[in-house]
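Subject: A structure for you to look at

Hi there,

Here is the structure I promised to pass on. Please open it and keep it beside you while you read my notes below.

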Amino acid sequence: MSKYENWQLSKASYPFSTITQTRFGDMDLLGHINNVAMAGLFENGRVRFNHSLGMAHLGEGERWLIAAVQINYIREAHFPDDAEICSGISRIGNSSWDILSAAFQKDKCVATCTTTLVQTDKQGSKPIGADLRAGLEKYMVGKD
């Protein structure tokens with residue numbers, strides 16, 4: 001997804017959220033949270049979201065890999081304001097799914113992130129099992 005849609009800018013669209021502190025070292029020369037730091041904030045939110053799904057408990061020999069990450073910057077983010085990272089599942093395919101996240105500061109969306117994950121085993125990509133699919137479906141984003 002190359003652009004964001006209006007519903008993505010609402011916290012209510014996401015079934016999960018976590019607060020992450022920004023750090024002084026996250027700032028660029030202009031005093032904004034830099035793009036690498038924003039990627040780290042999204043990573044922290046994504047990991048916490050995955051843990052809430054029980055992602056660490058895959059079958060033996062199974063794993064998931066990140067295939068793509070896309071970040072859209074909406075407005076400037078600043079230190080020392082905390083970032084609330086809201087996340088949900090936006091797409092479930094045969095062997096991959098997308099996590100859609102949005103970062104909020106002072107209740108305004110500052111960036112969105114789409115991460116594509118792929119289920120794999122030793123032979124390569126693997127179809128998503130019924131249990132994992134059912135778990136992912138419970139955390140779909142609301143596109144109202």
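Below are notes on a strand and its partners, then the cysteines, then the aromatic rings.

First, some ground rules: this is a predicted model, in which local features need pLDDT of at least 70 and side-chain atom pairs count only at pLDDT 80 or more, while totals for chains, interfaces and linings use all residues. Residues are numbered from 1 along each chain as its sequence is written, and side-chain values use heavy atoms, with hydrogens and water left out.

Let's start with strand S5, residues 108-121. Helices (H or I, at least four residues) and strands (E, at least two) are DSSP runs, numbered from the N terminus. In S5, 12 of the 14 residues are buried, so the strand is largely enclosed by the rest of the structure. Here buried means under 20% relative accessible area, exposed means over 50%, and partly exposed is in between (1.4 Å probe, protein chains only).

Which strands pair with S5? Two strands pair if DSSP finds at least two bridges between them.

- S2 runs antiparallel to S5, joined by 10 bridges, and Tyr-73 stands opposite Ala-111.
- S4 (residues 96-105) is also antiparallel to S5, over 10 bridges. The two form a hairpin with 2 residues between them, and Lys-106 in the turn has a positive phi of about 50 degrees.
- S6 (residues 124-125) is antiparallel to S5 with 2 bridges, and Asp-121 faces Gly-124 across the pairing.

Now the cysteines. A disulfide is a covalent bond between the sulfur atoms of two cysteines. Counting pairs of cysteine sulfur atoms within 2.5 Å, a search of the whole structure finds 0 disulfides.

Finally, the rings. Rings of Phe, Tyr and Trp (its six-membered ring) pair if their centres lie within 6.5 Å; planes under 30 degrees apart count as stacked, over 60 as edge-to-face and the rest as tilted. That rule gives 3 aromatic pairs. One of them, Phe-16 with Phe-49, is tilted, at 5.5 Å centre to centre and 50 degrees between the planes. Phe-16 lies in strand S1 and Phe-49 in helix H1, so the pair ties together parts 33 residues apart in sequence.

Happy exploring!
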